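I set out to record what I looked up in one structure. The entries follow in the order in which I made them.

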Amino acid sequence: MRDEDRGPAVRAIPARVVELSRERERIDRMIGDLLRWREVRDEVIATGGGQPSTQPAA
């Protein structure tokens with residue numbers, strides 16, 4: 001994925017392109033799932049009278 005000069009490779013073999021495309025789709029699905037879970041948790045928090053936290057968990 002990197003050339004000799006450590007820059008991005010100019011060309012990728014077709015099998016690698018397919019592999020990377022599938023991995024990107026998997027990551028996109030995971031992000032979507034996480035966003036949906038966050039929405040559900042925000043709804044539960046709001047229903048309980050609290051406010052969703054914008055602070056990262058410790």
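I looked up the partners of Glu19 and found a salt bridge with Arg16, the closest N and O atoms being 3.3 Å apart; a salt bridge is a side-chain nitrogen of Lys or Arg within 4 Å of a carboxyl oxygen of Asp or Glu. The model is predicted, so local features need pLDDT of at least 70 and side-chain atom pairs count only at pLDDT 80 or more, while totals for chains, interfaces and linings use all residues. Residues are numbered from 1 along each chain as its sequence is written, and side-chain values use heavy atoms, with hydrogens and water left out.

I noted that Glu19 and Arg16 are three residues apart in helix H1, and are therefore separated by about one helical turn. Helices (H or I, at least four residues) and strands (E, at least two) are DSSP runs, numbered from the N terminus.

I then checked accessibility, where buried means under 20% relative accessible area, exposed over 50%, and partly exposed in between (1.4 Å probe, protein chains only). Glu19 is partly exposed at 44%, and Arg16 is partly exposed at 34%.

I searched the whole structure and found four salt bridges. Among them, Asp28 and Arg24 meet at 3.1 Å, N to O; these two residues lie four apart in helix H1, about one turn. Asp28 is partly exposed at 39%, whereas Arg24 is exposed at 56%.

I also recorded the salt bridge of Arg36 with Asp33, whose closest N and O atoms are 2.5 Å apart.
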